[in-house]
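Biologist: I have a structure open and would like to go through it with you. Can we take it one topic at a time?

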Amino acid sequence: MKNYFVNLMAVMSMVGMIACTSSGEDFGDAGEVLEEASLTISPESVNLGKDAGSTATATLTSDSESLSVEVDYSCKSWLKAELNGNVVTVTSLTANEDVNPRTGTVNVYAGLSYNTTVKKLTVVQAENDDIEPTLTVEPATVTLKGAANSVGLVSITSNVSTFSVSVESAAQSWCQATYEGTQVTISSLTANETGSP
């Protein structure tokens with residue numbers, strides 16, 4: 001009975017030690033709390049040319065010698081990243097076949113498993129200006145009712161993601177146009193009192 005009691009006390013003591021060190025903080029030697037590794041990326045965003053094989057670099061500064069990089073899954077098909085010392089080199093694997101720039105992300109890690117810091121390097125590949133922009137509007141003509149605040153909608157299809165709309169100067173006193181996404185809203189500011197369109 002005495003031996004059983006001693007063994008039980010030993011088990012309880014071990015459980016207590018485990019409970020005292022499971023608060024979620026990271027501890028090093030002698031129980032000190034370890035801070036996350038420092039990490040800066042300069043610059044935090046780099047630009048690539050439109051063609052395959054275009055490169056750019058960024059420099060890492062950290063108090064940890066354990067550094068690594070990984071291209072985000074969403075852009076692995078066209079972007080590569082390599083680390084040489086504290087310099088990250090990013091390379092476009094393919095040409096950008098779009099009239100819009102495309103953006104990728106490289107995850108940068110500093111530190112070991114217990115004090116890892118993660119930051120992101122943004123990579124922008126230039127648009128392909130050899131491709132002609134296309135634009136289709138549907139319907140091509142919109143007829144508004146004679147009352148003020150009448151509204152007509154137009155859908156836009158384009159291979160360009162950024163565009164603008166404007167109203168001819170002669171109609172700006174009674175008509176306005178705004179857009180959101182791929183839809184243009186045309187509205188009358190005043191009623192048509194002329195008796196004709």
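Biologist: Where is Ser 166 placed?
Modeller: Ser 166 sits in the loop between strand 10 (151-158) and strand 11. Keep in mind that this is a predicted model.

Biologist: Is Ser 166 buried or exposed?
Modeller: Ser 166 is exposed, as its relative accessible area is 70%.

Biologist: And how far apart are Ser 166 and Ala 177 in space?
Modeller: From C-alpha to C-alpha, Ser 166 and Ala 177 are 6.4 Å apart. In sequence, 11 residues separate the two.

Biologist: New topic. How many salt bridges turn up in the whole structure?
Modeller: The search finds two salt bridges. In one of them Asp 129 pairs with Lys 50, and the closest N and O atoms are 2.8 Å apart.

Biologist: What about Asp 130, which side chain does it meet in a salt bridge?
Modeller: Asp 130 meets Lys 50, with 3.1 Å from N to O. Asp 130 lies in the loop between strand 8 and strand 9, and Lys 50 in the loop between strand 2 and strand 3, so this pair ties together parts that are 80 residues apart in sequence. Asp 130 is exposed too, with a relative accessible area of 60%. Through shared partners, the salt bridges join Lys 50, Asp 129 and Asp 130 into one network.

Biologist: Now the inside. How many residues are in the largest nonpolar core?
Modeller: The largest nonpolar core has 21 residues. Leu 79, Val 90, Val 106, Val 108, Leu 121 and Val 123 have the most contacts inside it.

Biologist: Which elements give two or more residues to this core?
Modeller: Strand 1 (39-42), strand 2, strand 3, strand 4 (67-71), strand 5 (79-84), strand 6 (87-92), strand 7 (102-110) and strand 8 do.

Biologist: Pick Val 90. What does Val 90 touch?
Modeller: Leaving out residues up to four places away in sequence, the contacts of Val 90 include Val 46, Leu 48, Leu 79, Val 106, Leu 121 and Val 123. Apart from this core lies another, of eight residues, with Val 154, Ile 156, Phe 163 and Ile 186 among them.

Biologist: Next, pockets. What volume does the largest pocket have?
Modeller: The volume of the largest pocket is about 530 Å³. Its lining has 20 residues, and Val 142, Leu 144, Trp 174, Cys 175 and Pro 197 lie nearest the centre.

Biologist: How many residues of that lining are nonpolar, polar and charged?
Modeller: The lining divides into 10 nonpolar, eight polar and two charged residues. Strand 11 (175-180) and strand 12 (183-188) each supply at least two residues of it.

Definitions and conventions: Residues numbered from 1 in each chain as written. Heavy atoms only, no water. Salt bridge = Lys/Arg side-chain N within 4 Å of Asp/Glu carboxyl O. Helix = DSSP H or I, 4+ residues; strand = E, 2+ residues; numbered from the N terminus. Buried < 20%, exposed > 50% of the residue type's maximum accessible area, 1.4 Å probe, protein only. Core = buried A, V, L, I, M, F, W, Y, C linked by side-chain atoms within 4.5 Å. Contact = heavy atoms within 4.5 Å. 1 Å grid on protein atoms, 1.4 Å probe; cavity = no way out; pocket = protein on both sides within 12 Å on 5 of 7 lines; lining within 4 Å. Points joined across faces, edges and corners; volume = space filled by probe spheres on them. Nonpolar A, V, L, I, M, F, W, Y, C, P; charged D, E, K, R; others polar.
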